[in-house]
Amino acid sequence: MERFYMFLKKQPAGRLITLGFALVILTGAFLLLLPVSIKPGVQVTFVDALFTSTSAVCVTGLIAIDTADHFTAFGQAVVAVLIQIGGLGVSSVGVGLILAAGKRVGIKGRLLVKEALNVDSSKGIVRLVKSVLMMTLCFELAGAVLSFIVFSQDYPLPKAIGISLFHSVAAFNNSGFDILGGLRNLIPYQNNVLLNLTTCGLIIFGGLGFLVILDVMKHKRFKKLTLHSKIVITMTAVLLIAGTLLLKATEDITWMGAFFHSVSARTAGFSTYPIGNFSSAGLFILCILMFVGASPGSTGGGIKTTTFFVLLQDARGVFSKRYVGAFRRKIARESIWKAYIITFLSLGVVCTGTVLISILEPEYSLIQVLFEMVSAFGTVGLSTGITPDLLDVSKLILIAVMFIGRLGAFTLLSMWIERPEPNVRYTEENISVG
């Protein structure tokens with residue numbers, strides 16, 4: 001036992017976070033296979049339980065089996081807890097439990113949270129975790145109260161409370177799970193303004209990132225915000241508006257429906273219209289929104305809004321021959337190269353998964369398979385409806401892609417490859433590009 005502890009102590013933070021997520025996923029899968037978790041008369045295979053657990057921990061929302069129709073109240077509670085752990089991060093939850101027990105957080109724990117929340121320094125990390133946990137509690141309670149106003153009109157009091165709490169946790173953590181049953185998602189409430197706006201609000205705040213929300217609460221004025229916060233807020237607004245206009249132009253849906261799906265495609269995965277009925281143009285627009293995703297340090301996935309912004313600014317800088325930056329700040333060259341690497345690796349994951357499932361499932365069109373794959377990688381959860389009918393091996397591919405999407409392809413690659421900087425210098429030479 002002591003040797004195992006020493007082994008863990010020597011591992012880099014990123015590797016421990018990955019192992020932690022994997023352990024929570026496996027634990028969740030076994031809990032969902034318990035008789036107390038499964039409703040009488042239905043069957044849940046290990047692959048389906050693993051898929052559900054992975055989707056919950058990776059805050060995705062893709063489902064191989066309907067959560068309400070297959071799992072009891074206990075099983076649904078397990079899914080909700082997995083979503084909460086996945087949204088906050090295994091290390092943040094661990095530090096929160098240590099603080100609740102009244103114990104001191106060690107250096108290793110601080111480093112794990114620093115890596116998980118993507119912050120530059122471990123200074124003040126305990127105070128940050130307390131703020132994150134309190135902020136999450138406030139948002140989710142507010143969301144549950146507003147959701148209860150809607151659900152209490154259609155369900156008995158105990159069930160309405162359960163659905164409201166589950167929905168609030170899922171929405172703030174950008175996970176498109178629902179427990180309404182019948183694979184309906186939020187389609188029965190497509191015209192309910194309160195539930196639509198409440199869900200959108202939870203998704204947006206969850207996708208902004210904890211650091212951005214804290215920065216806004218501290219400074220209150222846009223000019224005083226950090227460059228990171230300014231970029232996140234600007235890109236979020238641009239993507240939401242552009243997504244709404246494009247979806248309204250391509251689909252026969254209301255303005256509220258277009259706005260809702262523009263918000264939801266940014267890694268949440270709720271839907272108020274059948275996604276399978278969308279046109280190829282609409283599905284491709286959703287793919288772009290899902291691929292970009294939310295912001296760093298948030299509960300969402302994707303390549304992140306800041307990565308997309310850096311790519312756009314670098315392209316502008318190349319054509320205009322100006323410095324790469326924004327808001328009178330220059331973006332570091334290291335950030336630019338990292339943005340390209342993240343995008344390249346992400347495209348590689350999506351393309352590889354799409355090709356594999358297209359080979360295994362030739363009966364589905366390319367746009368259907370691509371949509372499912374981007375949804376899994378962006379930890380979104382939107383689906384054209386093909387996921388439950390996929391082969392087990394295809395589901396395992398989606399499980400792997402969800403896991404990579406939650407942790408990040410760059411993080412997973414960098415933590416396993418340790419290569420020292422070469423001491424030699426080579427002559428620089430230009431090559432023809434484009």
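Is Leu-31 buried, partly exposed or exposed? Let's take a look. You have a predicted model open, where local features need pLDDT of at least 70, side-chain atom pairs count only at pLDDT 80 or more, and totals for chains, interfaces and linings use all residues. Residues are numbered from 1 along each chain as its sequence is written, and side-chain values use heavy atoms, with hydrogens and water left out.

**Stop one.** Select Leu-31, which sits in helix H2 (residues 13–32); helices here are DSSP runs of H or I, at least four residues, numbered from the N terminus. Leu-31 counts as partly exposed, because its relative accessibility is 32% (buried is under 20%, exposed over 50%, partly exposed in between, with a 1.4 Å probe and protein chains only).

**Stop two.** Jump to Lys-223, in the loop between helix H11 (210–219) and helix H12 (227–250). Lys-223 counts as exposed because its relative accessible area is 69%.

**Stop three.** Next, pick Thr-60, in the loop between helix H3 (46–57) and helix H4 (67–70). Thr-60 has 0% relative accessibility, so this one is buried. Leaving aside neighbours within four places in sequence, its contacts (heavy atoms within 4.5 Å) include Asn-174, Ala-268, Ser-375 and Met-402.

**Last stop.** Show helix H13 (residues 255–264), where seven of the ten residues are buried. Among them are Phe-260, His-261 and Val-263.

How values were computed: Helices (H or I, at least four residues) and strands (E, at least two) are DSSP runs, numbered from the N terminus.
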